[in-house]
Amino acid sequence: MSRPSVPSVFSLLGGLLLSLWLAAAAPEELGEKQLEVSKADLEELLDDLLEFLRIKEPANPYVTGDDGDVQLNAALSTAIKNVRESDEHLSVLNATFPLASFDFPDCEASYPAKEDAEGTFEKVLDEGILEIGLSIISDPTEPGSVGAYYVAVNELILPELSREYGVDIKANYTIIDNTEDFFLQFREALNDETVDAITFFSVTEERSQSVDYTSCAIVNFVNEVGVWVEEDSELATVDVTEDPSSLDGKSVGVCPGCFFIDDFVAVTQELGLEVTLVEIPITELVDELRAGTVDAVATILTNGPGFSLFEAADDVVKLEGSFVLGDDTRAAVTRFAGPDRRR
Ligand SMILES: *[C@@H]1O[C@H](CO)[C@@H](O)[C@H](O)[C@H]1NC(C)=O
Ligand SMILES: *[C@@H]1O[C@H](CO)[C@@H](O)[C@H](O)[C@H]1NC(C)=O
């Protein structure tokens, strides 16, 4: 929907006031029909006003970041844009996500002026510290892990920011325990100001209702979901690409609140399968598989949540093949401030 112009909002408002005034002047003529029309007008006016003010209605609970959060988002985005095609980045990207594309989605970003810095961004420039949240699920000290990749990317971005602003900016990491829900605990850490930014996180439409993704993504690839079962399972010899129907009527454990769940459901439904996805904390997925709570467990093949645990379990095997889902685009995240919320 295009943004209504100022005159159109005011003419609607004027029209509504006029009809209310006419109704008040002749109350005995105010029929049912007229009332309905007025209500529709009112709703349209409200929609237009909200659109005019560009208020994004976020999922609850959310917080409203300040201009400084918007500035931080823009600064991170610009730094990402400047480093993502560097050889240093492409080589660590390739090593961590072999399926990643080297073509990044277009984006626009520019550095906010230092003298305009306020709120969170001013704090970061003053203190020289960016509080960054990382997931507990991927140990950043483990070479080759997703967490290690994210830290390596931050070590490219922060010097870039430091150069731009003439301030030495370092990361202070907080490990976020997001085993219960992959997303909500990250959002909470932003909301309660434990962290200023999350690096990095898969972009989904739903999440972008209550956190702000940077416009420039750092990772972009097509997701594939792999499936693991106990080695003595009747499914153990199945190739899910060739014979996805062998999962029909089965239950599959997945990480709670994970970004690929909706796409996975959509793909299995397109294939006409009834697969019951059961959300289970990541550290308990293998145990619940062994206990028979679910027939299989699944995650995305590029080091998805739980991947290393499934691979490490001796009595668990990965089925041949995969389910191909949509794009996985990852970007940095800051506190929700909506687009241009304050003017
Ligand atoms: C990615 O890494 C593999 C080796 O792991 C290499 O063969 C391939 O050429 C690399 N791709 C690019 C585009 O650098
Ligand atoms: C780093 O973050 C922790 C919280 O995770 C906080 O207690 C500590 O004060 C921070 N350190 C600095 C130097 O800001």
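Tutor: Strand β5 (residues 219-230) is joined to β10 by six bridges, and the two run antiparallel. Strands here are DSSP runs of E with at least two residues, helices are runs of H or I with at least four residues, and both are numbered from the N terminus. Two strands pair if DSSP finds at least two bridges between them. Within this pairing, Asn-220 stands opposite Thr-329 in β10.

The model is a predicted one, in which local features need pLDDT of at least 70 and side-chain atom pairs count only at pLDDT 80 or more, while totals for chains, interfaces and linings use all residues. Residues are numbered from 1 along each chain as its sequence is written, and chains are lettered from A and ligands numbered from 1 in the order in which they are written.

Strand β10 (residues 323-335) also pairs with strand β3 (residues 197-202), in the antiparallel sense, over four bridges. There, Ala-197 has Thr-334 of β10 as its bridge partner. Strand β4 (residues 211-213) is joined to β10 by three bridges, again antiparallel.

Of its 343 residues, 35% count as buried; a residue is buried if 20 or more other C-beta atoms, placed from the backbone, lie within 10 Å of its own, exposed if 12 or fewer, and partly exposed in between. Glu-188, which is found in helix α7 (residues 184-191), counts as partly exposed because it has 17 C-beta neighbours inside 10 Å. The C-alpha atom of Glu-188 is separated by 9.4 Å from that of Val-63, 125 residues apart along the chain.

Among the helices, the axes of α3 (residues 67-83) and α6 (residues 146-165) come within 9 Å and cross at roughly 115°. Axes are lines fitted to C-alpha atoms, for helices over the stretch in contact, and angles run from 0 to 180 degrees between N-to-C directions. The helices α3 and α6 are therefore roughly perpendicular to each other, since angles of 65 to 115 degrees count as such, those under 35 as roughly parallel, those over 145 as roughly antiparallel and the rest as oblique. Their contact is made by Ala-75, Leu-76, Ala-79, Ile-80, Asn-82 and Val-83 of α3 with Leu-156, Ile-157, Glu-160 and Leu-161 of α6; residues are in contact if their C-beta atoms, placed from the backbone, lie within 7 Å.

Terms used: Contact = placed C-beta atoms within 7 Å.
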